[in-house]
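Please review the following briefing on a single protein chain.

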Amino acid sequence: MAANAIELRGNITNHDGILIGAHIVIVGKPIGTISDFDGNFTLKNISPNDTVSIGFPGYESKRFALSEYKATNGLIVLNTNLIPQTKP
């Protein structure tokens, strides 16, 4: 890992439970992954100053500035619940 790099782990859910295949990307960088069959994801070697975007088709995307979270031993755990998009 680069100096000050962290690992981000998390779990993505919706109102029914786990959300398989949610997109987790670092904004402005070619770094990303998708949530697995348990809704879990891991991104390694990222900056604690990055912003992460989490989305899934038909659901409202969420953004998180990692600088607002405290890394413990180089790890941030982020769990979120996505909600369906509402139509105007």
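**Surface and overall fold**

The protein chain has an accessible surface of about 5400 Å², and 51% of this belongs to carbon and sulfur atoms (Shrake-Rupley method with a 1.4 Å probe). The model is predicted: local features need pLDDT of at least 70, side-chain atom pairs count only at pLDDT 80 or more, and totals for chains, interfaces and linings use all residues. Residues are numbered from 1 along each chain as its sequence is written, and side-chain values use heavy atoms, with hydrogens and water left out.

**Architecture**

- The protein chain contains zero helices and eight strands (DSSP runs, numbered from the N terminus: H or I of at least four residues for helices, E of at least two for strands).
- The C-alpha trace spans about 45 × 25 × 20 Å along its principal axes.

**Packing**

- Of the 88 residues in the protein chain, 34% are buried (under 20% relative accessible area, with exposed over 50% and partly exposed in between; 1.4 Å probe, protein chains only).
- Among contacts with a separation of 6 or more, 56% join residues 24 or more positions apart (contact means heavy atoms within 4.5 Å).

**Ile-20**

- Ile-20 lies in the loop between strand 2 (17-18) and strand 3 (23-26).
- Ile-20 counts as partly exposed because its relative accessibility is 42%.
- Leaving aside residues up to four places away in sequence, Ile-20 touches Ser-35, Asp-36, Phe-37 and Phe-56.
- The C-alpha atoms of Ile-20 and Gly-39 are separated by 5.2 Å, although these residues are 19 residues apart along the chain.
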